[in-house]
Structure formats: C-alpha cells, structure tokens
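Keep the sequence at hand.

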Amino acid sequence: MADVIDGREFGLKVELAVGVVGLGYVGIATAVALAQHGRNVKCYERDPEKARRMRDGNVPIFEPGIEELFGGCVATGSITLCQSLAEVLLDSQVVFVAVGTPPASDGSPDLSYVDQVATEMAGVLQLGQVIVLKSTVPPNTYHRVRLTIEREHTRMQLPPVDFDVAVNPEFLREGQAVKDSLFPERIVVGVDSDRAAVALRDVYAPFDSPIVLMDTVSAMLVKYASNCFLATKISFINEMARICELAGGDVSEVARGMSMDTRIGQQFLRAGLGYGGSCFPKDTVGLLSIGRSLGYEPEVIKAAVSVNARQYVVAIDKLVRLVGQLRGATITVLGLAFKSDTDDTRESVSLKLISGLLEAGAVVRAHDYRTVENARRELAEVAYFADPYEAVVGCDAVVIATEWIDYRGLDWARIKQLMKGNVVVDGRNLLDGSRLVGLGFRYEGIGLLDHNEEESLRSPHD
Ligand code: UDX
C-alpha cells in the first residue's frame with residue numbers, strides 16, 4: 001500500500017463527521033480527543049440510562065479532566081449523543097467501534113458486543129463507510145466483522161455495499177486518558193485499502209502524532225504485544241524482587257541500575273504486588289488464548305501471568321511471618337483501586353489480597369481515596385473507611401496495596417499510635433522504610449533491603 005496517499009482521488013468529504021459507538025473508557029476518550037481536535041463527533045451508547053445521564057453531563061467514569069471536556073464538547077455541539085446507531089451512521093464517514101470485550105470463561109475476549117454492533121450496522125451502512133475497530137479483539141475479528149455485515153446484507157436481501165473495516169487500537173492509561181488520547185505517542189492504523197488509509201489519515205490529520213500504517217492483523221497484534229510486553233516487564237521485576245530478597249539485594253537499586261541502559265528504559269520496573277486493571281490481565285490471557293488457538297504455547301506470556309497470579313501472596317507470606325497467626329488478626333489494607341488516580345477496581349490486586357486475608361481468617365479494614373463503594377459491592381465483609389486514620393485504628397498490620405502518593409504524606413507517627421501492632425507491609429514500595437523503622441514500625445517492602453536490621457544494628461549513640 002502506498003505510504004503517502006492523495007485523498008482527493010477518492011472524493012472524500014472535506015469535513016468528516018466521525019462516529020463513536022460504545023461509551024466506555026475508550027469510547028469517551030476517543031470522542032473527546034476527536035472533538036477537541038475539531039471533529040464533529042456523533043456518539044451512540046446502547047444503555048439508554050447511561051446515555052441519558054451523559055446527555056445531562058454525567059460521565060460514568062472517574063478520569064481527571066474528562067467530565068469537563070466531555071460536557072464542554074456536548075455543550076458546543078462538537079459531540080452529539082444520538083438515539084440510535086442509524087443516526088450515527090447517517091452522518092459519519094468513519095465509525096469507531098469501542099464496545100467492551102470482557103474475557104469469556106476460557107480467557108478469550110467475548111465478542112458478542114462487537115457482533116451485535118456489526119449486525120445492527122449492516123442494515124444502515126452507507127457506501128464507502130469505514131468501520132474502525134478500537135476495541136481490543138483477536139486479529140481475525142476484522143474478517144469476522146466483514147463477514148457478519150455481508151451475511152446480514154444477504155439475509156435482509158439488501159444490495160451489497162462497498163465498505164471498509166480498519167483497526168486502530170487504543171493505548172490510553174486510566175488516570176491519563178485525556179493526555180494519552182489527545183496527544184498519543186503513536187497512532188497505529190491497520191487497513192486493507194487505500195480508501196480506509198486516507199479516511200483515517202484525514203480523521204487524525206489535526207493530531208500532532210506519528211501515524212503508523214500497517215495491515216489489520218499486525219495492527220491488532222501491536223496492542224496485544226504492547227500490553228503483554230509491559231506486563232512481562234512488571235512480572236520480570238517482581239521476579240527480580242524475590243531473587244533480591246533471597247540474595248540480600250535491593251530491587252529498587254537493581255531497577256535504577258538497569259534503567260540507565262536506554263535499551264531497557266526507566267518505566268514499568270516498579271516492583272510490587274503485581275499488575276491489575278482492565279487491560280493487562282485481560283490482554284495477557286487473551287494473547288495466550290490466541291496463541292493456543294493457533295497451535296502455539298506462548299511461554300513468556302504464560303510465565304508473566306503465573307508470576308503475577310502469585311504476587312499478592314508475597315504480601316500474605318510477609319504478614320504471616322511478621323504478625324504470626326492471621327486468624328483473628330486485624331489487617332488494614334490501604335488502597336483498593338488497581339492503581340492510583342482511578343476508582344477502578346477491576347482485577348485489582350488489592351481485592352485479591354483482601355480475599356486471601358479473609359480466607360485466612362483475618363479481620364480486614366480498608367481505605368481508598370476514590371473507590372470504597374466499588375469494593376464494597378464485591379467484598380461486603382470488610383470494614384471500609386474514607387479516612388485512612390480511622391482505617392488503621394486497632395489493627396495489627398497495615399498493607400499498602402495501591403500506589404496512591406498521598407499515603408506517603410500521611411502522619412505515620414500518628415498511625416503508629418492508632419494501631420495495635422507495628423507492622424507495615426509496603427506492597428508498592430511507596431514509603432520511606434528507614435523513616436518508618438525509625439518511628440518504631442517493622443517495615444517490609446517488596447524486594448527491598450531489610451531496614452529493620454539496620455535499625456537493630458545501629459548503636460544507641462548514632
Ligand atoms: C495499561 C497500559 O499502560 C495502556 O497503554 C493500555 O492501553 C491499557 O493498559 P492501565 O491499565 O490504565 O494501562 O494502567 P498502567 O498504568 O499501565 O498500570 C497497570 C498495572 O500495572 C497497575 O496495576 C499498576 O499498579 C501496575 N504497575 C505498573 C506495576 O506494578 N509496576 C509498574 O512499574 C507499572
């Protein structure tokens with residue numbers, strides 16, 4: 001395919017209207033980014049209650065800055081919330097599909113929402129429209145969407161329509177969705193026709209980001225590969241953390257030394273309790289299942305998944321060692337979200353840790369800055385607190401489970417007084433261990449040097 005294409009030869013409309021179907025994290029961020037870059041965006045959300053609330057300016061996700069931007073775009077008319085898919089397709093030359101693909105029981109992505117949208121679109125599709133898959137789906141979904149639409153056309157006895165299916169994976173991080181979607185580091189576009197390539201280049205022309213054009217299968221694999229690579233980086237450093245503990249090293253120093261090699265880089269080398277969230281767990285298991293369906297066992301990804309699955313147990317083992325019997329002990333878990341700056345608890349390691357503690361017979365108290373209610377829906381038998389100081393009252397041990405930076409700034413001397421015990425297991429290597437030991441805590445991070453020993457070795461005159 002030509003790398004530089006002249007759109008005029010395809011007679012594209014000068015001012016493209018753009019459609020977005022499915023208003024979850026990705027759909028909302030996509031709509032806002034396109035609208036902020038001057039596109040006229042028509043959105044459709046099939047959940048009528050959610051759509052109604054959004055029309056009133058209530059964005060159903062917590063994401064810094066998104067509510068204001070979305071509301072502003074709706075007010076100025078650059079985003080329109082349509083009542084039907086047909087309304088979106090009537091005006092939009094390019095339609096992004098950003099519906100959910102939750103993992104099915106075998107780990108493969110459940111494509112029923114994608115299928116539904118493809119089936120519904122078939123009846124209202126217009127000549128030359130480009131359907132762009134934004135959702136993370138297996139590489140062959142591109143063909144599946146095309147076949148579904150063509151089959152529906154035959155079933156409804158409609159004349160065949162010439163349309164395109166393209167792939168444009170999303171790489172945004174929760175908590176940074178606005179920045180990541182307004183200023184992406186790269187825009188990966190998978191197409192199988194010059195017409196689709198031109199249309200997507202036009203849509204993204206106002207963005208100051210490189211557009212990487214390729215075939216549809218490779219484009220979708222870029223998404224899986226990126227997420228699995230980052231997840232593997234985390235599992236790798238968590239494995240190094242274990243080796244550091246056994247050998248007497250400090251994983252934060254190891255990571256610091258490694259990261260100065262530009263081939264390795266600084267990011268995603270924070271050891272901790274492992275990764276959670278809506279992407280890494282789903283996409284690692286998803287790529288495993290894709291590999292297996294093709295007759296190949298992806299060994300590296302399998303190892304990344306298995307290290308991660310056991311990682312929260314590291315905190316439980318430390319508690320058992322430091323507190324003794326967990327049955328009847330009171331443990332306060334600080335942090336419920338799968339990472340900081342979000343209220344999302346999907347696949348949160350914190351909730352897995354809490355379940356493990358409850359199974360071991362511990363009494364669990366928990367705090368989060370954003371997401372107590374989400375966690376309560378999943379785990380009712382926990383005492384939840386909006387104030388971290390109330391959460392620690394009378395507990396034997398505190399575990400930091402989410403990397404909320406605010407935990408660093410807490411008054412740890414006061415916490416020491418409020419607790420019954422003195423154990424802190426820092427599952428995100430967030431706190432200053434020496435300082436905590438100085439305050440009288442028994443402190444352990446993940447793969448760090450033992451500051452407790454340093455303190456006990458220190459002479460009384462130090
Ligand atoms: C991720 C990808 O970063 C993003 O590009 C993709 O589109 C979706 O998945 P997100 O899930 O929002 O984004 O969170 P991210 O910031 O990547 O963190 C994922 C998990 O890894 C969190 O649980 C976090 O605590 C953990 N993590 C991250 C570590 O344990 N160590 C690290 O060094 C970095």
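A nonpolar core is a set of buried Ala, Val, Leu, Ile, Met, Phe, Trp, Tyr and Cys residues joined through side-chain atoms within 4.5 Å. Buried means under 20% relative accessible area, exposed over 50%, partly exposed in between (1.4 Å probe, protein chains only).

This is a predicted model: local features need pLDDT of at least 70, side-chain atom pairs count only at pLDDT 80 or more, and totals for chains, interfaces and linings use all residues. Residues are numbered from 1 along each chain as its sequence is written, and side-chain values use heavy atoms, with hydrogens and water left out.

**Exercise 1. Locate the largest nonpolar core.**

Step 1. Take its size: 59 residues. Among those with the most contacts inside it are L319, L357 and W412.

Step 2. Find the largest share. Helix α12 (residues 299–323) gives six residues. Helices are DSSP runs (H or I, at least four residues), and strands are too (E, at least two), numbered from the N terminus.

Step 3. Domain 2 (225–309) and domain 3 (313–457) both contribute residues, so the core lies between them. The bounds come from an automatic or database domain assignment.

**Exercise 2. Which partners does the side chain of D368 reach?**

Step 1. Find D368 in the loop between β10 (363–367) and α14 (372–378).

Step 2. Look for polar contacts (N or O atoms within 3.5 Å; within protein, one must be able to donate a hydrogen and the other to accept it, and residues adjacent in sequence count only if both atoms are side-chain atoms). The D368 side chain reaches the backbone nitrogen of A337 at 3.0 Å. It also makes a polar contact with the side chain of W404 (3.0 Å).
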